[in-house]
Amino acid sequence: MARRTPFRVGLAALELLAATVAERPLLCVVDDAHWMDAASAMALTFLARRIAAEPIAMVFAARDSDAVRGLDELPGLTVGGLSDSHARALLAEEKTVTLDERVRDRLLAEARGNPLALIELPKAGGFALPTPSPVASRIERSFRSRLAELSEDARLLLILASADPTGDPSLLWTAAQRLDIDVPTASATAEASGLVQFGTRVRFCHPLARSAVYRAAEPQRRHAAHRALADAIDPVAAPDRQAWHRAQATTGPDERVAAELESSASRAQARGGVAAAAAFLERAAALSLDPGKQIERTLGAARATVEAGGPDAAMELLASIDTETLDDLQHASVDLLRGQIALVAGADGAASGPDHILRAAQRLAASDPERSRECFVSALEMGLVVSRAAGVLDRVIEAARSAPPAAGPDLLDALVLLITEGHHAGVPALRRVLTGDGAGWTRVPALATMVAGELWDMDLHTTIIDWLVRTGRDTGSPITIRLGLSQVALAATFTGDFGKAMAAIAEEEAIADALGDVPQLYPRVQLAAMRGRRQEALDVFADVTNKGAGQLSASAPWPAALLYNGLADYPAALDAAKRAAAGGDVLLAGLGLPELVEAAVRCGEDAVAESALESLLERTEPAGTSDAQGFAAGARALVSGAEDDYRKAIEHLTGSPLTPHLARAHLRYGEWLRRAGRRIDARTHLRTAHEQLSEIGMEGFAQRAADELRATREVARSRSEHTYDRLTMQEMNIARQVAAGATTKEVAARLFLSPRTIDAHLRNIFRKLGITSRRQLRDMPDLG
């Protein structure tokens, strides 16, 4: 069974609410949202972003929306304090104590309109306010003063209630009896204080009251409360809660309790509760008697904390480990975690990530050579992701030369050959590794997609994409499916299926949104560049530049070069293409070189064009595929002006899935023929180019072809509008799924939306396309 992921929990909650509102509208109020744990916050903000089409309203109240991830993305209203007149009216209405006028004025000034402070602070008694401190602290002290006035049994009952977050009264009464508390008398006294209410649930008057009671308790009383709760819990029905209470009742190391917590962590991880698993493991480490087990549990807690999105907390856990006591395997685990944390941290720390992975690889060289080599490959992959910034990739390559020898040719050796000795040495080795038996690339699929592009091998790229999407859907892994969908979008853009690209981008963004994460941005950049709408593309470029880092920053220039070449803005294309090819990075430079050749030729930069052509040929000749030969011939034709090269480019790309580049080959040949005075011959290729480019939706290049046709005294035919021109990306995705026969419920599950929301989108789709049924969708272009 696929592991339950956070967004599937959110989807289940959405379905529950959607079923509820079938009878009447629903208002969900989440008070004190700043107290939510990360998993709850993710689930609830997931819901809030998906109820637009439902008769559901959600209201979150928090001291600071920035303190809860996701809340800052929702529409918000800052609620100020009560006005002076309203604050005085509230004080008068409460009538809790007669206040001296001067004390009342000071309390009004200090409370700053906080209603809770106005209600609770006077109950603390006395005329002197505490020394200046946050209002929350003063209110908590007022709760403590009321607690101190209660009987011994009432205080102990409140401590029990504060230690149990479930608010289960039957559990509370059972635990109270174990402590010999006079429950009827103690509960009546506790309720009379106003601090708590005992009903179907145990509720404190405010979360601050619960924390005040718990923190005011002497340690031995807290331990006794947790011990009584643990003894009262059914170990079969709630083993994890029992283990947690036992852990809180323990004053020193206890290996039995630590082992129970470790088991609880395993159960939590199995159900997708990585934050809970991290908490269990961290406490288990603190209670461990055996130093080795303590280290392993701390490492496990750090791993879970990273997965839960807490890199800073994970780094603190790692810092607590005495590294002098670690063996090589444990040292390697620490280094691997630090590398992952550095990458998660973003641009500021990502460049250090490969160095941590390299240290892990070097530590494992003697004890576990195979894993050591895998670490070197991971470091290479990370080095490519952060580009050649600060010489990262060069350091990785230098270290990889010392990797333990492999039993046979593998990905590491092939990559080192490619980067150090060039494509003539590296490409054959890479092809043997990636297309041979074993499919070792499944361990590093992201890297494999990059290398497949470097091999100019669309068939291999398609194989990797199919594996990613299938594996991601089968396992429920968000990382895998998101990578697969991003690659689907990239491949669809390269092959001219913009509708499919839009649908894949929308689905990936839906998953990212469900996780509260930033979507993969580079497919949007590439699609915008290929479509060739200047302002739209520039807006996308600006948006992703503001959000992106790492590889995105390195990969942004070549789509810009593509855009500007399509718009015939060759100086801008030349500048962008130079930046794309400057680093010589694997894949990125290869994509930018054809654009650099074209822009340089158009700008009269012959030396730049010849140098770029030479670099391109170094990459395409060893690849030997028809696509590689087509790109090479097209670029060579621009530099040499030889008609035979123009023809070869068309010949090699005919039948290729890369239809946009076949259309561009016709365009370049037509432009050359027109400039050679062969107007009639030029029309044939320009007409073909215009028809193909228009059908694909490459508006910039299509306009170039139309302008060239006009120069031959022929007017280009106007193109019909594409379906995707009238729909948003999300609507395109929904339309394609419905056209393929998916039901509303199936589409809703895939996009983590409610069926009602999908139906609302369908109504918009039908209106925009001028149709009335699902059957008609199947006949629309771009939806196949």
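A: A charge is said to sit over a ring if NZ of Lys or CZ of Arg is within 6 Å of the ring centre and within 35 degrees of the ring normal. By that rule the charged end of Arg-50 sits over the ring of Phe-46, 4.1 Å from its centre, and the charged end of Arg-222 sits over the ring of Tyr-214, 5.3 Å from its centre. This is a predicted model, in which local features need pLDDT of at least 70 and side-chain atom pairs count only at pLDDT 80 or more, while totals for chains, interfaces and linings use all residues. Residues are numbered from 1 along each chain as its sequence is written, and side-chain values use heavy atoms, with hydrogens and water left out.

Q: What makes up the chain in terms of helices and strands?
A: The chain has 43 helices and four strands, where helices (H or I, at least four residues) and strands (E, at least two) are DSSP runs, numbered from the N terminus.

Q: Why is the pair of Trp-456 and Phe-631 called tilted?
A: Rings of Phe, Tyr and Trp (its six-membered ring) pair if their centres lie within 6.5 Å, and planes under 30 degrees apart count as stacked, over 60 as edge-to-face and the rest as tilted. The ring centres of Trp-456 and Phe-631 are 5.0 Å apart and their planes stand at 50 degrees, so this pair is tilted. It links distant parts of the chain, with Trp-456 in the loop between α24 (445-454) and α25 (458-475) and Phe-631 in helix α35 (residues 626-640), 175 residues apart. The structure holds eight aromatic pairs.

Q: Why is the pair of Tyr-646 and Trp-672 called tilted, and what does the pair tie together?
A: With centres 5.5 Å apart and planes at 35 degrees, the rings of Tyr-646 and Trp-672 form a tilted pair. Tyr-646 lies in helix α36 (residues 643-653) and Trp-672 in helix α37 (residues 659-675), so the pair ties together parts that are 26 residues apart in sequence. Ring pairs also link Tyr-646, Tyr-669 and Trp-672 into a cluster.

Q: How do you know whether Tyr-646 is buried or exposed?
A: Buried means under 20% relative accessible area, exposed over 50%, and partly exposed in between (1.4 Å probe, protein chains only). Tyr-646 has a relative accessible area of 6%, so Tyr-646 is buried, whereas Trp-672, at 22% relative accessibility, counts as partly exposed.

Q: What is the phi of Asp-32, and where does this residue lie?
A: Most residues other than glycine have a negative phi. Asp-32, although not a glycine, has a positive phi of about 50 degrees, and its place is in the loop between β1 (26-30) and α2 (38-48). At 14% relative accessibility, Asp-32 counts as buried.

Q: Why does Phe-752 count as buried?
A: The relative accessibility of Phe-752 is 3%, and therefore Phe-752 counts as buried. Phe-752 lies in the loop between α41 (744-751) and α42 (755-769), and its phi is near 60 degrees, a positive value in a residue other than glycine.

Q: Why is Val-29 called exposed?
A: Val-29 has a relative accessible area of 58%, so Val-29 is exposed, and its place is in strand β1.

Q: How much of the chain is buried?
A: Buried residues make up 51% of the 784 residues in the chain.
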